[in-house]
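The following exercises are to be worked with the sequence and the coordinates at hand. Each task is followed by a solution in steps.

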Amino acid sequence: MTSTAPPVTTHTPRPQPKKRPGDLLFSGTALGAGVIILLVLAAVTFFLIIESIPAFTADPDNTQFLNGTPFLQYVWPLVFGTVWASIIALIIAAPLSIGIALFISHYAPRRIASLLGYIVDLLAAIPSVVYGLWGALVFSRMLQPFYVWLNEHFGWIPFFAGVVSPTGRTILTASLVLAVMVLPIMTAICREVFLQTPKLHEEAALALGATRWEMIRMAVFPFGRGGMVSAAMLALGRALGETMAVTMVLSATGAVTFQVLTSNNPTPIPANIALNFGEAYGTGINVLIATGLILFIVTFAVNAVARWIVNRRAEFSGAN
Amino acid sequence: MTTTLERTSAPAAANSLTAGQLPRWMPWVLLAAALALSAAAFAVVNLGEEVRDFNISGAVFFGLLAFGIVLVALSSVVETRRRAVDRLATILVSLAFSLALLPLISLLFTVVVDGIARFDGTFFSWSMRSVVGEGGGALHAIWGTLLVTLAAAVISVPIGLMTSIYLVEYGRGRVAKAITFFVDVMTGIPSIVAGLFIVALFAMLFGPGLNMGFMGSLALAVLMIPVVVRSSEEMLRLVPNELREAAYALGVPKWLTIAKVVLPTAIAGITTGIMLAIARVIGETAPLLLTAGFTNSMNLDLFSQPMMTLPVFVYDQFQNPGTNIQAALERAWAGALTLILIVMALNLIARLVAKKFAPKFGR
């Protein structure tokens, strides 16, 4: 009976939105999920730092892996190896993947293009351990004669100097495998970005008499610049943290050298952890966790720089 | 009179729109000619030596180089300089594509050819328990992979999906910005660091030296959540605002709008993203190496004892081949083939879902 009474007395000019239990539940769960992510990340940082502290404080003489050297001196060749391998990989992969993405998005015939895009997606999902197996058993042997040739004719370039590795399992092979691995990821993102270019921009450029390449330079690249950088950032992040392929391909010795063809190779941090974790004990585990923390910081720094570039570019790109 | 007649009739015969352009077949003919010439040159050098020493890569390389130079030079003479640049770009882009395909073809070819040898009944019905040398299989590893990945998906899909809903539908201000930022950071967590994190966490809570399947699931979930958030967020953002506004205009509550309008529109893309995320983590090796550990026996309990997984199995067979190296490598290749087939199946299903349930938009 009461419900049928007309609410004449509560005449408000602007009705407040009704708080429905469904709405509250839904937004609450959504917010909760977001907060969990923040907590997980805080926990990652917290536990890594807590477990790393013994590596810095322990006496280096009695600690596994350190063998008398201070921790920072132990870790810096590893950092060098990580960055060096990833940079070579990125230099090789970046132009190639932009080329492939352009080929799929703007050059290949429509019908083939979707198939090619599918193949690239498929390749992005091939597990790293398979790349490692192939790199160690097949690819390194294929590259070895080429390395001998490179060393003979271009040995005057410092990178290619030194005695060529007889197995071909060098840092250059590892970087090439890394490049092959990050290619599909970077290509997939670049392709997506290129396909997002407004059709009107492209058609306007072509209508003004631009050739296909000029259209790409004037319409596609400015639109996709941020996407290309973030694709490279993701690729670099994956290359920095990639473990298995490098562990299996590289015969690592922990040297600090810029020569890429010898059997004296730098060890990236992830490979070092994977190789030594099985026999680690006591503070040795803490040392490895501390190197992991350093790796985390390095990748974080790379991502931060890349994000800064993306944000700075976004203002000028004219796309939106 | 005759000369002017000729002049007026000539352009009419050759279409005036295509005047000053190379005919369409020209690049292909040039390419074939360049490759043939280069092959012939290398064959002459190779004369008197064995056929198998014929330098295929050299022939192709110089053939392509000659093709590029000739075509660009020809184009800049017959056509304009701008067209020449365009042709150069086309050549480079196509070259990048074919160059990148080579290692990938080689990879797939090797995995299939070398993996088929042990891709048999024994491989799928045996574990490696007390197997020395030949024989043995990966049943324990396949079960381990399925269980660990399933648990990881169960943990990360709800969290990832709800987070993306929060970011797209509710998130305003600082919290949303912080979550976006930290999801970005999480995307960049190297897989081995995720493994180390779980190791450090369990070492502090339960003491060091633990290995179990669930630790692996947690490590994989850390890697999977940001991927799910990213892909779902992207898909939700693609849903046109007009749909939401139409629902609001009809008086539909917000949560119902999300559940009945936004999610169904984006569900194909979201499913595809989740499938691809699973395909991405199912092959992760490094975190499982540290958390789920090694074993040669079957273990279906996620919460006790080490659990073998397929990627770790492949790595283990490669790194510790034991006495019969050939047999171990064959098992490794078969494991790799299985892994690739699982990943491909996941991708295929994802594609079918995307195709079947995709909303019909223009473009």
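**Exercise 1. Confidence in chain B**

What pLDDT does chain B average, and what percentage of the residues score at least 70?

Solution. The model is a predicted one, and confidence is the starting point. Step one: the average pLDDT of chain B is 83. Step two: a score of at least 70 is reached by 91% of the residues of chain B. Step three: among the elements of chain B, helix H1 (residues 2-13) has the lowest confidence, with a mean of 45, whereas helix H6 (residues 139-170) has the highest, at 92. Step four: over residues 1-13 of chain B, pLDDT stays under 50, and the model has two contacts beyond four places in sequence for this stretch. Where pLDDT is low, predicted coordinates should not be read in detail.

**Exercise 2. The contact of the two chains**

Solution. Step one: chain B contributes 73 residues and chain A contributes 67 residues. Step two: on the side of chain B that touches chain A, helix H4 (residues 81-115) of chain B provides the largest share, 19 residues. Step three: that side of chain B comprises 56 nonpolar, 10 polar and seven charged residues.

**Exercise 3. A helix pair across the chains**

Describe how helix H1 (residues 21-57) of chain A meets H6(B).

Solution. Step one: the two axes come within 7 Å and cross at roughly 115 degrees. Step two: H1(A) and H6(B) are therefore roughly perpendicular to each other. Step three: the crossing of H1(A) and H6(B) is left-handed. Step four: from H1(A), the residues in the contact include A:Ser27, A:Thr29, A:Leu31 and A:Ile37, and from H6(B) they include B:Ile159, B:Met162, B:Tyr166 and B:Tyr170. Step five: the contact of H1(A) with H6(B) has 10 nonpolar and four polar residues, and no charged ones.

**Exercise 4. Two helix pairs within chain A**

Assign an orientation and a handedness to the pair H3(A) and H5(A), and to the pair H6(A) and H7(A).

Solution. Step one: helix H3 (residues 110-124) and helix H5 (residues 171-195) of chain A pack at an angle of about 140 degrees, with axes 8 Å apart. This angle makes H3(A) oblique to H5(A), and the crossing is left-handed. Step two: A:Gly117, A:Val120, A:Asp121, A:Leu123 and A:Ala124 of H3(A) meet A:Pro184, A:Ile185, A:Thr187, A:Ala188 and A:Arg191 of H5(A). By class, these are six nonpolar, two polar and two charged residues.

Step three: the axes of H6(A) and helix H7 (residues 212-241) of chain A come within 9 Å and cross at roughly 155 degrees. H6(A) is therefore roughly antiparallel to H7(A), and their crossing is right-handed. Step four: A:His201, A:Glu202, A:Ala205 and A:Leu206 of H6(A) meet A:Glu214, A:Met215, A:Met218, A:Ala219 and A:Phe223 of H7(A). This contact has six nonpolar residues, one polar and two charged.

**Exercise 5. Domains of chain B**

Into which domains is chain B divided?

Solution. Step one: domain 1 spans 19-108 and domain 2 spans 123-357. Step two: the centres of domain 1 and domain 2 of chain B, taken over C-alpha atoms, are separated by 43 Å.

Terms used:
Residues are numbered from 1 along each chain as its sequence is written. Chains are lettered from A and ligands numbered from 1 in the order in which they are written. This is a predicted model: local features need pLDDT of at least 70, side-chain atom pairs count only at pLDDT 80 or more; totals for chains, interfaces and linings use all residues. Two residues are in contact if their C-beta atoms, placed from the backbone, lie within 7 Å. Helices (H or I, at least four residues) and strands (E, at least two) are DSSP runs, numbered from the N terminus. Ala, Val, Leu, Ile, Met, Phe, Trp, Tyr, Cys and Pro count as nonpolar, Asp, Glu, Lys and Arg as charged, and the others, Gly among them, as polar. pLDDT is the predictor's confidence in each residue, from 0 to 100. Axes are lines fitted to C-alpha atoms, for helices over the stretch in contact, and angles run from 0 to 180 degrees between N-to-C directions. Angles under 35 degrees count as roughly parallel, over 145 as roughly antiparallel, 65 to 115 as roughly perpendicular and the rest as oblique. A crossing is left-handed if the near helix is turned anticlockwise from the far one by less than a right angle, and right-handed if clockwise. Domain bounds come from an automatic or database domain assignment.
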